[in-house]
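Here is a short note to read beside the model, point by point. Please keep the sequence and the structure open while going through it.

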Amino acid sequence: MILIQILVNGLLLGGIYALLSIGLTLIFGVVRVINFAHGEFLMISMYIAYFFYAFFGWNPYWSLIINFPLMFLLGMATDQLLIRPLRNAPSYMQVFATVGLSILLINLALFIFSGDYRAIDLPFAKKVIQLWGIYLNYPRLIIFSSSIGITLLIYLFLQNTDIGKQIRAIAQNRTAARLMGLKLNRIYMITFGIGSGLVGIAGGLITPVYYVYPTVGVYFVLTAFVVVVLGGMGNMMGAFLGGLIIGIVDSVSGYYIDPSLKETVYYVIFVLVLIFRPSGLLGQVGAEEMGMK
Amino acid sequence: MILLKLENLSVRYGDVLALREACVEIPEGMITSLVGANGAGKSTTLRAISGLVPCSHGSLYFEDRSIDPMSTDQRVELGLIQIPEGRLIFPYMTVGENLEMGSMTKRSRKERNENQERVMEMFPILREKKNQLASTLSGGEQQMLAIARGLMAKPRLLMLDEPSLGLSPLLVKEIFHTLKKINGQGMTILLVEQNVKQSLEIAHRGYVLENGRIILSAAAQDLLKSDHVRKAYLGL
Amino acid sequence: MLKACFRLLGNPKGYFVILVFVGLLAVLLFTRNPFYLNILFMILLYAGLSGAWNIIGGFAGQLSLGHSAFFGIGAYTSGLLFVKCGVPPILGIFAGMATASLLAAVIGIPCFRLKGPFFSLATIAIAEVLQILAVYFKKITEGSEGLSIPFQPSFYNLIFESRNHYALAGFFFLLLVLGLSYWIQNSRLGYQLAALRDEDQAAETLGVNTFRAKMTALWISGALTAAGATLFSQYILFLEPHSEFSINVSVNLALISMIGGLGTCIGPLIGSFLLIPLQEFLRTWIGGKYQGLHFIIYGGLLIAVVMFMPKGVIAFFSRKYDSFLLRLPSFFQNREALPPPPREAINPGLSPFPKPGDIPPEKARTPILEVKNLSKNFGGLRAISNLSFSVHEGEILGIIGPNGAGKTTLFNILSGVYQPDKGIVKFQGLGVSHLNKSHILCRSGVGRTYQLVKPFENMTVLDNVMVGAFCRQSGRKKARDKALEILQFAGMAQKRGMLANEITLADKKRLEVARVLATQPRLLLLDEVMAGLTPVEVQETGEFIRKIRDSGKTIILIEHVMQAITSLSDRVLVLSQGEKITEGRAEEVVRDERVIKAYLGESHDPA
């Protein structure tokens with residue numbers, strides 16, 4: 001019985017990780033860049049959600065009205081201003097550039113908001129639903145169902161809209177896409193925007209459940225990387241599945257091993273995946289080599 | 001009239017002058033064939049026309065208008081469509097989706113459905129496998145898909161880079177037959193090929209490239225009969 | 001030896017640097033102000049730490065963002081040994097270096113197969129794991145509460161009353177790191193690292209064991225970082241997982257080298273002189289009040305450097321520095337002379353080539369290379385199908401065939417890049433098809449060039465050839481002499497000082513051949529070495545190839561330039577769609593019906 005509760009907790013937690021990772025994997029699959037500042041976009045949207053509630057008394061979930069477009073724009077700006085000039089540069093330059101952005105944003109937040117841990121005290125935050133003897137935390141349930149919903153939406157977007165198909169096409173073969181008249185730069189920009197916008201939504205959703213502080217993004221982004229690599233770089237379903245798996249691993253190892261060691265477990269998984277199956281569970285074998293030179 | 005003109009076009013890759021002052025004229029409604037040994041510069045020519053690589057010298061004219069400053073997507077919008085070497089279909093998209101990708105330009109988007117019908121008429125196997133992933137198709141079917149995808153873009157000039165590569169002789173025959181048919185319907189074609197005999201047989205005009213230079217240019221029939229081509233390839 | 005010292009002292013490059021260091025030493029001995037001494041110590045220490053990072057990050061091009069793992073392990077090893085076991089840090093520092101070396105193995109073995117950002121990610125993850133473990137095992141490490149190191153000044157404790165002594169310790173640490181860096185850069189390892197940084201695969205086929213080279217660089221780098229960490233912890237006297245294993249430390253080390261000049265010896269020192277005072281001043285003036293401001297500037301700086309000065313400050317000012325040095329007087333220098341040409345050098349005027357077929361009978365009996373029933377598939381594609389042929393010593397075998405015939409795949413199998421699915425390859429009578437590392441095949445005597453030339457762009461022509469020479473020689477002087485000998489043989493000696501990316505294509509192709517010749521192969525595989533050359537250059541290359549064969553080597557040539565094949569080859573092998581169509585003398589093969597069909601294609605049946 002306890003095991004089932006743990007698994008369910010893990011699934012709910014996995015929803016959070018899935019949400020964060022979908023944006024990251026989309027950006028990687030198309031633009032072929034690892035955005036080390038992805039976590040900081042989350043952090044910014046969390047602060048916005050926090051202030052929505054703390055200053056204005058509004059329901060933080062409504063912050064996605066601002067967060068999605070804002071992060072979308074921020075993502076597009078990052079791509080055009082930071083990544084685009086470095087598209088043909090060796091990959092380590094992109095690493096350094098996004099790491100630099102990450103440092104800048106973390107410390108900007110530190111400077112403006114100070115390092116205090118802030119939390120929202122929502123009335124329904126502690127609410128628990130009981131279903132067949134399993135306890136489901138209400139806000140986490142919202143996150144989980146939202147992540148399913150959003151994944152579905154993104155999937156439908158990619159499958160059925162022209163832009164979505166263009167995004168997929170570019171991820172599969174850039175040269176062919178160019179020869180079809182697709183505007184690569186525009187799609188990169190939009191994809192970066194979407195990926196970042198998704199993280200913006202995630203921020204609004206998880207603020208009721210997590211503390212907000214300048215380095216909160218660092219913790220989440222490393223987990224997101226583990227998820228993305230596990231699921232297969234560039235694969236949406238992979239990111240979703242990977243998120244759920246890592247959530248379960250997190251929950252199970254937190255209970256059976258030690259809460260403070262659970263991160264160790266999935267970093268070990270991370271390194272193991274990178275060694276033995278770098279393409280991940282659902283990724284295309286060889287995908288990890290693409291665009292890496 | 002001359003649909004596409006290359007005037008003293010040179011393309012440089014680093015130090016290599018892959019194409020040296022090439023002058024080519026593609027007449028409308030005809031099949032022009034570009035042949036030459038490996039490394040002679042055939043693919044480079046197509047890449048330059050499509051705008052995938054910059055030209056260091058010379059100019060490109062489409063319908064007497066200079067297209068040098070145009071980007072690849074602008075040239076595609078004009079109707080300069082290339083079927084690349086190796087087909088380069090989108091492996092994890094269905095046949096139908098691949099065809100849709102061919103009609104993303106403003107010009108072709110409007111007629112997407114009619115064009116899709118038309119190409120599936122021409123290549124019935126594509127209709128049959130419409131919802132299958134493109135990677136499951138055989139080599140010959142993929143080549144047909146690539147050509148159909150190109151046709152979806154409403155090309156004014158259809159350029160093919162070594163369509164016979166990796167295909168059995170029977171399939172090659174079929175592909176060339178199809179190309180002749182498409183040309184019969186009025187399409188201007190630029191064909192880059194290693195398979196000299198078959199490509200010169202369906203072409204009206206031919207150019208022979210060697211080491212980046214055009215060394216021969218004549219009516220395709222004349223080239224077929226001459227010893228020149230064999231010399232150029234086998235150095236006799 | 002003495003002569004070398006005098007030469008070093010007399011050369012402006014040498015004595016200017018020495019003067020700078022002596023000046024530095026003077027400053028740190030005579031300054032009294034504790035604030036400045038603190039900054040000075042930090043500058044020297046971080047310069048050393050970043051210099052250590054530079055060995056793997058700059059020299060080898062493996063961007064580690066997890067060096068705080070080495071830092072933390074070094075600090076904790078020596079710190080814990082001191083506090084809990086009473087081991088004096090003067091010994092503890094070596095224990096720290098030992099654990100760091102072990103950690104290097106743990107990191108390197110799994111992670112070196114990862115490229116680019118993936119390697120960086122993996123290193124970040126490892127540092128994070130160590131941080132978590134350090135907090136978890138708080139019984140040993142005191143966890144987040146931190147480990148205090150008692151202030152017991154003594155030389156053996158590496159704790160000093162006077163800050164000047166700390167600064168001095170930092171100075172010696174820096175000298176150690178710089179000295180080691182300089183030595184590595186000019187050693188065989190340095191050349192191999194520079195090669196694998198530029199072109200990984202080309203380095204492998206020149207006999208460089210890239211894994212071993214990277215591993216060596218990593219453990220040296222890790223050990224030095226750990227040593228610096230010990231000095232640091234004996235200064236700060238407080239250890240805490242979130243500081244020692246922090247990603248800020250890792251980024252700092254990388255940033256300092258990047259700003260100063262990635263991959264140069266002195267870059268870390270320059271970067272440190274620029275960044276550390278900035279960091280310390282900001283922290284003091286702004287720090288407490290406006291937390292994080294100095295890091296904002298750091299982040300912005302990193303972005304700015306990446307976008308505008310990717311080669312670092314050094315590259316920006318190197319011309320000015322060089323011209324400044326040229327203006328300084330020099331002493332004890334003598335002109336650098338070329339070694340006398342080797343006795344066996346062939347006089348280009350004579351050139352007696354053995355005509356095709358004139359191979360001495362004993363050699364003709366033993367094939368140097370035997371290929372039997374070779375097959376290789378890629379997915380569904382049959383790249384090579386049941387191929388058999390042999391090559392005799394001293395022969396030039398030409399391989400021709402249309403695009404996609406399997407020629408380059410064959411070379412890849414012969415040089416160890418791919419393994420065959422079926423069939424055997426025997427080189428000098430020994431089976432080699434199971435060997436999956438190009439560098440082993442290179443050492444066995446098989447050398448190859450690439451269709452698309454892969455020169456080590458950032459190295460000179462001479463250095464490029466030296467990488468090849470290091471396959472057989474271990475000392476720098478011997479490698480250099482060999483390389484010069486090869487360059488003379490190739491007729492490129494005058495260009496030895498030019499950078500590989502500054503020479504013409506024909507020269508790059510010749511360099512590629514010279515480079516592999518330095519590995520002293522018995523069998524040479526030349527992949528389209530004539531492609532893109534003018535007729536005159538083709539002629540010259542042909543003569544060069546004959547010269548190589550005459551010096552005792554066996555050559556297999558893939559070519560499309562028919563005149564070259566027919567005039568050079570003793571025999572020609574024709575491949576099409578992975579199969580052998582025919583083989584024989586060049587003149588016969590080229591007139592063969594099947595060959596003509598393969599190239600020009602079948603014609604339509606008349607409809």
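**Notes on domains, packing and contacts**

1. In chain C, the C-alpha centres of domain 1 and domain 2 lie 21 Å apart. The model is a predicted one. The domain assignment of chain C sets domain 1 at 59-245, domain 2 at 247-327 and domain 3 at 362-600.

2. Where domain 1 of chain C meets domain 2 of chain C, 13 residues of domain 1 are in contact with eight residues of domain 2. On the domain 1 side, the elements that give two or more residues are helix H4 (68-85), helix H6 (116-136) and helix H8 (163-185) of chain C. H8(C) gives the most to that side, with four residues. By class, the domain 1 side divides into eight nonpolar, five polar and no charged residues.

3. H4(C) also packs on helix H11 (residues 210-236) of chain C: the two axes come within 7 Å and cross at roughly 55°. That angle makes H4(C) oblique to H11(C). The crossing of H4(C) past H11(C) is right-handed.

4. Which residues of H4(C) and H11(C) meet? From H4(C) they are Phe70(C), Phe71(C), Ile73(C), Gly74(C), Ala75(C), Ser78(C) and Gly79(C). From H11(C) they are Gly222(C), Thr225(C), Ala226(C), Ala227(C), Ala229(C), Thr230(C), Phe232(C) and Ser233(C). By class, the contact of H4(C) with H11(C) has eight nonpolar, seven polar and no charged residues.

5. Chain C also holds an open sheet of six strands, in the order E8-E9-E10-E5-E11-E12, with mixed pairing. Strand E8 (446-448) and strand E12 (579-584) of chain C are the edge strands, and each pairs on one side only. From one strand to the next, the twist averages 20°.

6. Both senses of pairing can be followed in this sheet. Strand E9 (residues 523-527) and strand E10 (residues 554-558) of chain C run parallel and are joined by five bridges. Opposite Asp527(C) stands Ile558(C) in E10(C). Strand E11 (residues 571-576) of chain C, by contrast, pairs with E12(C) in the antiparallel sense, over five bridges.

7. What lies at the turn between E11(C) and E12(C)? The hairpin has two residues between the strands, and Gln577(C) takes a positive phi near 50° there. Ser576(C) has Glu579(C) in E12(C) as its bridge partner.

8. In chain A, helix H9 (residues 216-231) and helix H10 (residues 236-256) pack with their axes 8 Å apart, at an angle of about 120°. That makes H9(A) oblique to H10(A). H9(A) passes H10(A) in a right-handed crossing.

9. The H9(A) side of this contact is made by Thr223(A), Val226(A), Val227(A), Val228(A), Leu230(A) and Gly231(A). The H10(A) side is made by Gly238(A), Ala239(A), Leu241(A), Gly242(A), Gly243(A), Ile245(A) and Ile246(A). By class, the contact of H9(A) with H10(A) has eight nonpolar, five polar and no charged residues.

10. Between chains A and C, the contact takes 33 residues from chain A and 35 residues from chain C. On the chain A side, helix H4 (91-113), H9 and helix H11 (262-276) of chain A are the elements that give two or more residues. H4(A) supplies the largest share of that side, 15 residues. By class, the side of chain A that touches chain C has 24 nonpolar, seven polar and two charged residues.

11. Between chains A and B, 15 residues of chain A are in contact with 20 residues of chain B. Helix H6 (162-172) and helix H7 (174-179) of chain A each supply at least two residues of the chain A side. H6(A) gives the most to that side, with six residues. How does the side of chain A that touches chain B divide by class, and what are the counts? The side has five nonpolar, five polar and five charged residues.

Notes. Residues numbered from 1 in each chain as written. Chains lettered and ligands numbered in written order. Predicted model: local features only at pLDDT ≥ 70, side-chain atom pairs only at ≥ 80, totals over all residues. Axes fitted to C-alpha atoms, helices over the stretch in contact; angles between N-to-C directions. Parallel < 35°, antiparallel > 145°, perpendicular 65-115°, else oblique. Left-handed = near helix turned anticlockwise from the far one by under 90°. Contact = placed C-beta atoms within 7 Å. Nonpolar A, V, L, I, M, F, W, Y, C, P; charged D, E, K, R; others polar. Domains from an automatic or database assignment. Pairing = 2+ DSSP bridges.
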